[in-house]
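Dear colleague,

I am handing over the structure we spoke about, and I would ask you to look through it yourself before reading my notes.

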Amino acid sequence: MTEQNNKNKKASPRKSIQLGLAVLFGIVVYAYGFQITKVDLEDLRSERRQESLTRVMRALAKPEIFEYEQEEEIVNAPVYVTCPASGIPALPEPDKSGPYLIITPACAEPGETVQVEGFSFAPNVSGPLRFVPGSDPTNIVTLGRDNIETDATGHFIYEFVLPKRSSEDVQYIRATLKQNVGVPHLTKTAHDTWDKIVETVFLALLATTFGTFLAIPLSFIAARNLMKPVRSPLASIAFSLLGWPLGIVLGYLIVRFVEGISSPFAGNIPINLVSIVVAPALMLVGLRWALPQEEITKPSTSTQIMRWGVLFVSVLIGFYGFFQLASLFKNFGQMGMVPLGRLSFLGNFLFQTGDIVGIITPALGGLAAGGALSSFMGKIGQRTTEKLSPVNVKLFNIVFATLAGATVFGLLGLLVEWLYQIDNSFYTFWGPVLTGGILGLTLASFTKPKDTLPTGLVIYYITRTFLNGLRSIEALVMAIVFVIAVGIGPFAGMMALGLHTIVSLAKLYSEQVESIMAGPLEAIQATGANRLQTIVYAVIPQIIPPYISYTMYRWDINVRMSTIIGFVGGGGIGFLLQQNINLLNYRAASAQMFAIAIVVASMDYISSVLREKYV
Amino acid sequence: MLQIKNLTKIYEGGVKALDNVSFDVPDGQFLAVIGLSGSGKSTLLRCINRLIEPTDGQILWNGEDITKASPEEMRRIRRKIGMVFQHFNLVHRSKVITNVLAGRLGYINPAWSLLNRFPKQDIQKAIKQLERVGIADKANHRADELSGGQQQRVGIARALMQDPEMILADEPVASLDPVLAHSIMKHLEDINDKDGVTVLCSLHFLDLVHRYADRVVALNLGQLVFEGLPSEIDDKKFKDIYGRDAERVG
């Protein structure tokens with residue numbers, strides 16, 4: 001024991017060398033870093049850089065938010081550049097009742113210095129001193145004296161060099177002194193900034209809301225602890241894989257059929273109104289009958305078939321209701337847009353919502369039918385596996401795994417064809433079909449007939465890969481794609497931010513799901529709850545606080561992101577900011593930066609208050 | 001009648017938690033499961049409702065093999081087996097009444113529980129169960145506002161909501177003080193006596209075993225080392241169960 005202590009105390013030469021090498025390595029790394037990032041203060045020292053830096057910093061310090069109405073005092077004084085040979089003609093005495101200028105000498109050669117003295121101007125005002133050529137009075141020459149200032153008595157004295165504009169005629173020096181009058185008011189920049197910052201905040205709000213809604217379900221299938229126990233036999237997997245495309249196609253067709261029934265009455269508001277009351281009521285009655293709340297004994301087969309039928313019809317009625325609701329929204333929205341005046345955005349909201357509902361309902365129907373058929377066929381697969389003898393299960397597996405593999409790969413091939421337009425059906429259809437079939441066949445041959453496969457983990461890994469892949473694309477890059485899809489404007493920015501919110505929140509959420517307490521989960525499972533019920537009653541209550549705080553945090557990120565998403569045409573304040581920076585209009589840019597800072601800071605404050613209250 | 005036949009559980013990594021365990025439990029019996037920590041008591045109880053998948057062996061309950069049940073059959077079996085846990089395993093942020101109602105999930109159509117709806121008679125039943133364990137006044141409190149003893153009563157009420165034919169209690173009183181321990185055990189005894197529910201209860205203290213159990217099985221390193229009446233545990237048997245260096249304290 002003592003020996004070991006001694007050993008630890010004394011640094012061995014080996015360790016010293018290692019430490020030395022590590023330090024050396026560190027120095028080399030940073031040295032190379034300096035080289036790569038071109039660390040160089042030489043430029044900073046140059047006068048030109050320092051001058052522009054000072055100018056920009058001063059402009060940034062004076063955001064263009066308030067301004068005064070200005071009154072100009074313009075005073076001209078004659079001057080001869082090259083003294084005329086005949087001597088200076090008699091000049092009229094300056095009118096000393098108002099402000100006036102005295103130039104000494106009254107004539108000089110170009111490039112010579114003259115002195116301008118101003119009297120009786122308003123005190124403490126400023127403005128440019130310029131040269132007005134006699135031949136062309138509109139072509140005013142700046143003299144590098146754009147900001148002369150009067151003292152408290154309204155007097156100034158400056159020297160300047162005459163420009164190379166010699167002329168026989170009389171020419172003029174003009175002082176234009178500007179005076180602030182009245183009370184300060186907001187500039188146009190301030191108004192524009194306000195408009196755009198409002199757009200920015202709402203863009204962030206919508207992106208966060210949509211992102212959150214879609215991230216929640218994704219986060220469950222990206223959580224290892226929920227997915228790991230999900231295992232199913234091969235036949236069940238093969239059946240549900242076949243069920244998805246079949247269900248999506250069927251569901252889409254059926255919902256389009258319902259849409260066909262609904263569309264003749266689309267413009268008829270009374271029918272819309274009646275439909276959206278009657279359809280949900282009918283659906284609810286149907287669902288209540290088809291899905292009894294509690295069931296102690298197993299129902300007979302005929303009852304079950306009846307229930308499936310009623311369920312199907314109820315869902316169709318529900319979709320009809322959806323379409324009618326969409327039409328109603330559109331009708332009301334259109335009616336409301338004009339008479340509502342300033343509140344016409346409510347009408348627009350109704351109309352757009354109706355449009356969205358109308359568009360996504362068939363997609364939703366397809367997905368729902370796909371999910372339902374897939375889970376139904378999965379159950380058939382499960383039952384078959386339980387009932388058949390191992391040899392038959394094996395045969396069954398081989399047939400359907402081959403079929404499922406071929407279908408999935410064939411569909412993927414079609415997707416590849418659509419994306420890359422290879423136009424060779426061997427590569428994009430028959431090849432994948434063959435590969436998929438062989439893969440399915442191999443899997444089925446090597447799997448023991450009644451074994452279960454880790455379906456959950458496979459889905460988990462696929463979801464994770466998908467999320468990580470999309471997450472690595474910055475919202476700014478996504479915005480470029482969406483600008484192409486929906487045009488320049490805040491909508492593109494919202495879509496880009498929303499998509500990025502979905503994938504990054506899904507990841508953060510799923511890590512929270514992974515860290516919940518396992519005890520309540522176990523207890524709820526022990527009552528006989530199925531997976532869905534376990535999530536609703538054991539997982540969701542535990543993850544509400546972290547979900548709220550992550551959503552807040554994301555909103556904060558989205559506000560900040562939405563300020564720059566305008567750089568690529570995604571709307572919001574970024575567009576103005578970039579424009580002003582490019583026009584070297586730093587005072588306006590400064591106003592926008594201030595607006596961003598204020599919004600971000602107040603967001604942080606609000607979210608901390610909300611967090612304290614609800615978490 | 002619950003029959004455990006040659007039950008074996010080997011965890012990933014090769015730990016043998018249960019080694020060829022066989023015993024029967026007649027309906028309505030109060031069976032205590034004893035043994036050192038790590039002897040396999042929790043694994044045994046969790047194999048019965050398949051929270052843990054057994055590696056080998058059979059569990060027959062009223063003639064049906066639980067180990068072979070499909071997911072749907074399992075749902076039907078689990079809802080008849082209540083479970084009570086050492087750490088209560090309540091959902092902390094939910095209300096007490098919601099925790100109790102969760103006991104009905106095995107009966108309720110999952111589509112409706114998505115909407116967080118329970119039938120009226122279930123809500124009345126939940127209140128009744130809370131009254132039975134004496135904390136009806138806490139129904140609308142959050143579960144984590146309750147003390148340990150109260151939380152365990154909620155756990156029992158949740159198990160009762162299942163209309164159980166059997167209750168698995170995994171060291172239900174190990175995190176409670178002796179007075180509370182007796183009150184919780186009395187509730188279990190009451191359920192066993194009045195409702196005729198079979199109770200399998202793992203326990204640490206032998207005085208509780210003597211006081212409440214009809215019969216005892218003892219595990220040591222996953223093997224069944226004793227099966228019989230509580231009164232049959234003499235000093236020699238005690239050392240077989242708990243090891244040579246153990247001393248009786250209660």
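Let me begin in chain B, where Glu171(B) is found in the loop between strand E7 (166-170) and helix H7 (178-194); helices (H or I, at least four residues) and strands (E, at least two) are DSSP runs, numbered from the N terminus. Although Glu171(B) is not a glycine, its phi is positive, at about 45°. With a relative accessible area of 10%, Glu171(B) is buried, where buried means under 20% relative accessible area, exposed over 50% and partly exposed in between, using a 1.4 Å probe and protein chains only.

Before I go further, please bear in mind that this is a predicted model, in which local features need pLDDT of at least 70 and side-chain atom pairs count only at pLDDT 80 or more, while totals for chains, interfaces and linings use all residues. Residues are numbered from 1 along each chain as its sequence is written, chains are lettered from A and ligands numbered from 1 in the order in which they are written, and side-chain values use heavy atoms, with hydrogens and water left out.

A second residue of chain B with a backbone of this kind is Asn6(B), whose phi is near 50°, a positive value in a residue other than glycine. Asn6(B) sits in strand E1 (residues 2-10) of chain B, and its relative accessibility of 42% makes it partly exposed.

Chain B as a whole has nine helices and 10 strands. Its radius of gyration is 18 Å, close to the 18 Å that the globule rule gives for 250 residues, so chain B is as compact as a globular protein of that length; the radius is taken over C-alpha atoms, and the rule is 2.2 Å times the number of residues to the power 0.38. The C-alpha atoms of chain B fill a box of roughly 55 × 40 × 35 Å along the principal axes, and 56% of its 250 residues count as buried. Of the contacts in chain B (heavy atoms within 4.5 Å) with a separation of 6 or more, 68% come from residues 24 or more positions apart. Chain B exposes about 10,600 Å², of which carbon and sulfur atoms supply 48%; such areas come from the Shrake-Rupley method with a 1.4 Å probe, and for residues only the protein chains shown count as cover.

Turning to chain A, there are 19 helices and 12 strands. The radius of gyration of chain A is 38 Å, well over the 25 Å that the globule rule gives for 615 residues, so chain A is more spread out than a compact globule. Its C-alpha atoms fill a box of roughly 125 × 95 × 60 Å, again along the principal axes, and 37% of the 615 residues count as buried. Among contacts in chain A between residues at least 6 apart in sequence, 75% join residues at least 24 apart.

Over all chains, the count of aromatic pairs comes to 13; rings of Phe, Tyr and Trp (its six-membered ring) pair if their centres lie within 6.5 Å, and planes under 30 degrees apart count as stacked, over 60 as edge-to-face and the rest as tilted. One of these pairs, Tyr100(A) with Phe119(A), is stacked, at 5.2 Å centre to centre and 25° between the planes. Tyr100(A) belongs to strand E2 (residues 100-104) and Phe119(A) to strand E4 (residues 113-119) of chain A, so the pair ties together parts that are 19 residues apart in sequence. Tyr100(A) counts as buried at 11% relative accessibility, whereas Phe119(A), at 22%, counts as partly exposed. Tyr509(A) and Tyr547(A) also form a stacked pair, with 3.7 Å centre to centre and 10° between the planes. Here Tyr509(A) lies in helix H15 (residues 490-514) and Tyr547(A) in helix H17 (residues 531-564) of chain A, so parts 38 residues apart in sequence are tied together, and both tyrosines are buried. Ring pairs also link Phe121(A), Phe156(A) and Tyr158(A) into a cluster.

Two further places in chain A may deserve a look. The peptide bond from Thr104(A) to Pro105(A) is cis, with omega near -10°, and Pro105(A) falls in the loop between E2 and strand E3 (107-108). Ser608(A) is placed in helix H19 (residues 586-614) and is partly exposed, with a relative accessible area of 33%; its C-alpha atom is separated by 9.6 Å from that of Tyr553(A), 55 residues apart along the chain.
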